[in-house]
Amino acid sequence: MDFALSDDQRDLTDMIRRFADDRFPTETVRAFGEPGGFDRARWGELAALGTFGIALPEDDGGVGLPVVDMVLVHETLGGALTPGPLVAASLLAGLVPGVLEGEVVPAIVDRPTHGPIVVEHLRDADVLVVVDDDGLRVLPAAAVTARHIDHPTDPATPVSVVEALPDEAPIGGAALVARLRLLGSLYASAQLVGNSEASTTLAVEYAKERHQFGRPIGSFQGLKHLLADCLVRTEVARSSVWAAGVIADEPEAGDLARAVAGARVLAAKAGTENAKTGIQVHGGMGFTWEVDAHLFLKRAWVLETQFGDPDGAAEAVADTLVG
Amino acid sequence: MQLRDSEADADFRARARAWLADAVPTLAPEPDPTDWPARRTRDTQWQRLLFDAGYAGINWPAEYGGRGATPTEHLIFLEEANRAGAPDVGVGFVGQMHAGPTLIAEGTPEQQDHHLRGILTGDHVWCQGFSEPEAGSDLASLRTRAVRDGDHYVISGQKIWTSHAQVADYCEMLVRTDPEAPKHKGITWLIVPMDTPGIEVRPLVTVQGSAEFAELFLDEVRVPVTNRVGAENDGWRVANVTLSFERGTGFVGEMLETTRLHGELVRIARQTPRASGTAWDDVGLRREFGALAAELDALWAFTKRNVSAGERGGIPISGGSGFKLAYGALVHRLGDLALRVLDRASLSFDDIGGLPTGAQVHGKLHGFGVSTGGGTSQIQQNILAERVLGLPREAR
């Protein structure tokens with residue numbers, strides 16, 4: 001057992017973090033969500049780093065690293081609020097030509113059994129990949145009848161409602177879909193962990209600077225306790241997400257379906273609760289559009305229902321309990 | 001990053017498993033939990049078996065009689081011991097996890113010779129005399145006095161929350177030797193034999209109805225100066241040197257017990273009738289079962305991160321405070337779930353309907369032990385906020 005970051009993993013995440021800080025500052029993140037704001041050149045730069053092919057074998061043009069390294073990359077991207085169809089691109093690189101290189105922008109949706117078919121980033125995508133229990137279908141985005149939403153909850157994540165899906169022959173079967181669903185859920189959970197840490201860092205910095213009653217507000221226990229809880233939620237969620245990542249590489253180390261579901265339960269909680277706490281710590285300023293605090297909460301809401309939701313995940317874990 | 005056993009670890013696990021499979025069945029049956037002399041007998045009998053097989057002091061350095069195992073091997077042994085139904089460290093906790101490591105780090109060769117082997121064989125049981133009625137979270141404000149009289153210290157005062165005091169041979173005690181010094185400076189660490197005249201042990205009954213702790217009343221208790229560990233008035237540092245020993249693997253036994261209680265509650269839920277079906281058919285309850293299982297899995301992974309960080313010589317993530325905070329909250333939630341499942345059966349400590357309902361009620365109340373013992377959850381929150389997040393200290 002060696003359940004700690006290696007030097008290589010630290011270098012990898014440092015590189016991604018530096019890139020994201022440099023090329024995806026908040027203004028860029030916010031602009032990506034505006035109509036016509038999707039910056040293909042910058043998306044291409046992200047792809048050129050090898051981001052989407054981290055866990056893809058070298059023979060397929062990827063970097064050939066373990067899944068857990070891709071998990072760490074998503075954690076880092078989540079912390080930077082990096083925009084775009086990150087999970088879709090990571091799942092489809094190597095399956096859909098051009099995605100790995102960033103030339104083809106994908107959207108992906110797990111066909112719901114009820115309710116509207118809401119798809120992220122379809123407005124800016126070249127292809128829509130639809131997965132269901134039978135398999136996976138690749139559709140040209142232009143061929144999909146959809147209504148693009150004017151005011152998505154997360155300003156940096158445009159969403160569309162798909163009215164009708166054309167029929168296409170599936171590529172890849174149920175086994176491939178099962179694997180994609182698990183990895184998709186895992187990558188979204190990893191982003192939630194990064195999101196939960198970053199929203200906490202933002203709040204901690206504010207609590208150190210903002211003075212009331214002649215003292216920094218971070219010296220008050222009422223705030224300290226809220227922020228300490230945020231820290232713990234992140235570390236607990238991170239532990240479960242990393243474990244699921246390792247199990248994806250080492251099936252003998254555990255039950256991947258249970259690990260992924262458990263990670264979703266904890267990562268969703270860490271992401272949403274920490275972001276809410278972050279807004280609260282900012283006080284009235286936290287309730288304004290200017291401060292970034294709300295961006296973390298809104299992104300966390302997007303991520304917590306990608307390839308599963310916390311309630312369903314909790315039930316999925318319960319189903320593995322024999323008693 | 002990997003979770004699988006290395007070849008050497010797999011080999012260690014296989015040998016430990018084989019030994020445990022033979023050794024555990026030779027133990028006497030578990031005694032009544034309130035029968036402290038019987039608990040001491042059983043726990044120390046187990047400790048002797050461990051010692052004879054070379055599994056005592058598994059994480060202690062070999063030159064002090066330990067096995068010198070890696071933190072990972074320690075974790076593996078604890079996992080396998082639990083799987084085999086072996087007793088937890090029990091009355092050996094203070095000696096093995098705290099007093100022994102303190103003596104290894106700070107004791108004289110004579111103190112090490114006299115005490116370390118006894119701790120490892122189970123012959124010596126220790127208790128901890130740190131807390132006082134007026135010195136809990138603010139431990140350094142302790143007031144129990146030790147006055148030098150020739151080659152003895154004469155101790156008077158009162159201690160509280162002293163686990164296993166009823167059956168202990170020695171007490172690791174913090175006393176005030178310089179009342180004039182700033183509060184952290186005038187403290188000394190002493191080895192106090194429990195049969196010294198002047199010590200009165202009064203059991204303290206907890207909300208669970210059992211005497212887990214005792215109060216110690218100390219009236220002119222004479223202890224030789226040679227029983228001092230470290231320098232006079234340097235006891236605060238000595239006590240802190242070893243507080244980190246129990247981090248990482250310190251809660252593993254507890255957590256395994258909680259995992260077992262969770263599994264038992266699943267079984268109870270599946271057998272507890274509701275208006276329609278069983279408690280397990282209630283989706284609200286089932287989701288909470290799943291969420292708690294996810295959290296237990298996560299805390300296992302958290303422990304493994306801490307162990308791996310320790311193995312690399314790094315600082316464990318957020319220390320023991322983060323784990324303790326999360327674990328305390330988990331135990332409370334599991335207890336709350338038990339009460340929801342048991343419904344009216346939770347009104348009894350005695351088992352009802354052939355199910356171990358009493359253990360669940362005890363588990364619920366035990367949550368308060370976790371969230372208050374060794375520094376309350378709120379103290380842990382302050383520690384994390386100040387030491388990890390770097391928030392300013394509260395004005396004092």
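**Notes on the two-chain model**

1. Let's start with charge pairs: searching the whole structure over all chains turns up 47 salt bridges (a side-chain nitrogen of Lys or Arg within 4 Å of a carboxyl oxygen of Asp or Glu). Bear in mind that this is a predicted model, where local features need pLDDT of at least 70, side-chain atom pairs count only at pLDDT 80 or more, and totals for chains, interfaces and linings use all residues. Residues are numbered from 1 along each chain as its sequence is written, chains are lettered from A in the order in which they are written, and side-chain values use heavy atoms, with hydrogens and water left out.

2. Two of those bridges sit in chain A. D39(A) and R42(A) meet at 3.3 Å, N to O; D39(A) is partly exposed at 26% relative accessibility, while R42(A) is buried at 18%. (Buried is under 20% relative accessible area, exposed over 50%, partly exposed in between, with a 1.4 Å probe and protein chains only.) D132(A) pairs with R137(A) at 3.4 Å, and here D132(A) is buried at 12% and R137(A) is buried at 13%.

3. In chain B, have a look at E79(B) and R13(B), whose closest N and O atoms are 3.0 Å apart. This pair links distant parts of the chain, 66 residues apart: E79(B) is in helix α3 and R13(B) in helix α1 (residues 7–23). (Helices, H or I of at least four residues, and strands, E of at least two, are DSSP runs numbered from the N terminus.) Both residues also belong to a salt-bridge network with D5(B), R17(B), E80(B) and R83(B).

4. Where do the chains meet? The contact takes 51 residues from chain A and 54 residues from chain B (contact meaning heavy atoms within 4.5 Å). About 4500 Å² is buried between them, 62% of it from carbon and sulfur atoms; that is the accessible area (1.4 Å probe) that two parts lose on being put together, summed over both. On the chain A side, M1(A), F3(A) and K224(A) lose the most area to chain B, together 18% of what that side buries.

5. The rule finds eight salt bridges across this interface. One of them joins E315(A) to R286(B), with the closest N and O atoms 3.2 Å apart. As for helices, α7(A) gives the largest share of the side of chain A that touches chain B, 17 residues.

6. On to the nonpolar core (buried Ala, Val, Leu, Ile, Met, Phe, Trp, Tyr and Cys residues joined through side-chain atoms within 4.5 Å). The largest one has 153 residues, and L91(A), L128(A), F289(B), L299(B) and V341(B) touch the most other members. Another core, of 38 residues, lies apart from it and includes F12(B) and Y55(B).

7. Strand β5 of chain B (residues 187–193) deserves a look: seven of its seven residues are buried, so it is largely enclosed by the rest of the structure. I187(B), W189(B), I191(B) and P193(B) are buried on one side, and T188(B), L190(B) and V192(B) on the other. β5(B) pairs with β4(B) (residues 170–176) in the antiparallel sense over seven bridges (pairing takes at least two DSSP bridges), and T188(B) is the bridge partner of V175(B).

8. Finally, G57(B) lies in the loop between α2 (36–53) and α3 (71–83) of chain B, and is buried at 4% relative accessibility. Q96(B) is 39 residues from G57(B) in sequence, but 6.8 Å away in space, C-alpha to C-alpha.
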